[in-house]
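Biologist: Please take a close look at one part of this model, the open sheet, and then at a pair of helices. Plain words will do.

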Amino acid sequence: MAVYKVQVATGRDSLAGTFDTISITLVGSHGESPKHVLDGFGFDFQPGSVTLGPILLIRLHKEPYSFFPENMWYCNTVRVTSPEGNTYCFPCYRWIQGYCTVEWKEYSPGVPWCADIDSAMTAEADLQYSHPKASAFFGLHLLGRRPSSPEGLRCLNPMGRKGMCVSPEYVIEHWQEDSFFGYQYLNGFNPVLIRKCTALPENFPVTQEMVAGSLGESTSLQEELQRGSIYIADYKLLEDIPTTKVNGHQQYIAAPLCLLHQKPSGEVVPLAIQLSQHPGPDSPIFLPSDSEWLWTLAKTWVRNSEFHLHEVTSHLLRAHLLAEVFAVATQRQLPMCHPLYKLLIPHIRFSIHIDILGRTFLISPGGVFDRAIATGRLGLTVLLRKALENLTYRTLCLPDDIQERGVASLQNYYYRDDGLKIWGAIESFVSGIVGIYYRTSLSVQSDHELQAWVGEIFTKGFLGREASGIPSALGTVAELTKYLTMVIFTCSAYHAAINSGQFELATFMPNYPSSMRKPPPRNKAKVTLKEFLDTIPEMNTTSLILSVLWLGDFDRPLGTYPDEHFTEHGPKQLMADFQDRLAEISQEIEERNRSLTLSYNYLYPPNIENSTAI
């Protein structure tokens, strides 16, 4: 009888071992072996151990041992050596618990579907945070519940916080400055809204007389429009979004338009603000020449609108809900041996778990959205639905998005500069992997598991909306490469850019208010400091928001692959090349940042999580 040698490696997690009986069946091209027990008496497969046994190819079985209750086991790899000396490695890197298929459920009509899991505790172990990750995450969560007093904020704000670009102290000192207001459109945590304005919208009747004082005598609004130095931020999606009560009082939102100008120095400053989509006597255009607190109030209304679009559309929808769609479809449609499963699994790690936590604590009835955010849960779902209706494939693909928004020549736009480098690095890595396993377009078209994966993302994530431009099938190697690059970029770099700076920029609440207690001003009457303070959120609202925004620990930077799902030389070399390119980008960012007053670190590769997991 031929004898095979089998090595089974258990994970290093402290709870990875098991009392259960582990057996293996080896399956070959000419048949399969009998089931063979691998373990001995008592607690086997100790964390980090390698168990040897004279056995034969591969189906793992786990059954309760004696009187002990059944428990889980984390298997890293199974390595089989044949009598001829050939070695076959089978990556696993998952908890052996019992087979279960992740199912879909409709969270709310008109928004992406999600995993049909009610709580993190009921999710299968492979979808849950690891024990070290859970300890770090919930430890920070408890820290984040401290009161938002000056003393508490100092505890919450160590100056060495990873990825910090702008300190809270800087925000407190500069939040009223027009230049800092404009800077955040380029390099804050929502750098995806600003777009070039070549002609004023009909519903935003800004005149030369209004902005002459800001532009100076040497130019005009028309000249600057033609020069390409005028930009706009449009919050139209917020129109007609319902609001809720916070602390028993009705809250308000606006749907403003904000005109911006990039000066020859590179500074971006606001020229004019209209707090509705409908000009008229009750919707004046506010200007830097207005009284101090009136202009400050107008800008704060824009920052409040920024809160809603950022948290719901840029962050929740594009970074979290789509990451979960990618994760569920991958778990359902791509088997573990599929090369695209091996490529994607590090980039969807814990994405389902974090979204379950979000649905449990943030957007559930009585959650943070109902308690501290003007839209409440009802307004959130309406805004999500509108945002998905307007989301396109071009928006999700950074090079296309830069072109479509007309911001290729925008100065000092470090999100664009760093993002395009990282997009290119991911694209090169993905292209290499695709080239190994898909030699022709026919091989892409005939991969039914791949096509089912893409089709499920189209139907469950984008609700079959063809106008979005999201592919429902892929026909060429180039199309597959671009699609996979979009998925990995969205789950890693994009999420880092959108998520990383929230706490620093929101610590001083007037820079990022979650709700407004009075309606937008309908005239240009002078505003006092007291009236301003009576409009922005109360202290308990701010404290609750900051406790959520503080959460930001992560453990696997972009390009790190400790779980060896790929065992062949080709993919491993591509991973090494990818890591080398990311290291080069890191050096380039470090060198650039040395000359900046405010560094930009949100897309510094060591600060980018491999997946949307926080």
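Modeller: The open sheet has five strands in the order β12-β13-β16-β17-β18, and their pairing is antiparallel. Strands (E, at least two residues) and helices (H or I, at least four residues) are DSSP runs, numbered from the N terminus, and two strands pair if DSSP finds at least two bridges between them. The model is predicted: local features need pLDDT of at least 70, side-chain atom pairs count only at pLDDT 80 or more, and totals for chains, interfaces and linings use all residues. Residues are numbered from 1 along each chain as its sequence is written, and side-chain values use heavy atoms, with hydrogens and water left out.

At the edges of the sheet are β12 (195–196) and β18 (285–286), each of which pairs on one side only. Strands β16 (residues 257–262) and β17 (residues 268–274) run antiparallel and are joined by six bridges. In β17, Val-269 stands opposite His-261. Helix α7 (residues 292–333) packs on the sheet and touches β13 (230–234), β17 and β18, where contact means heavy atoms within 4.5 Å. The direction of α7 makes about 95 degrees with that of β17; axes are lines fitted to C-alpha atoms, for helices over the stretch in contact, and angles run from 0 to 180 degrees between N-to-C directions.

As for the helix pair, α14 (residues 414–437) packs with α17 (residues 477–499) at an angle of about 135 degrees, their axes 8 Å apart. Residues that meet include Trp-423 in α14 and Phe-489 in α17.
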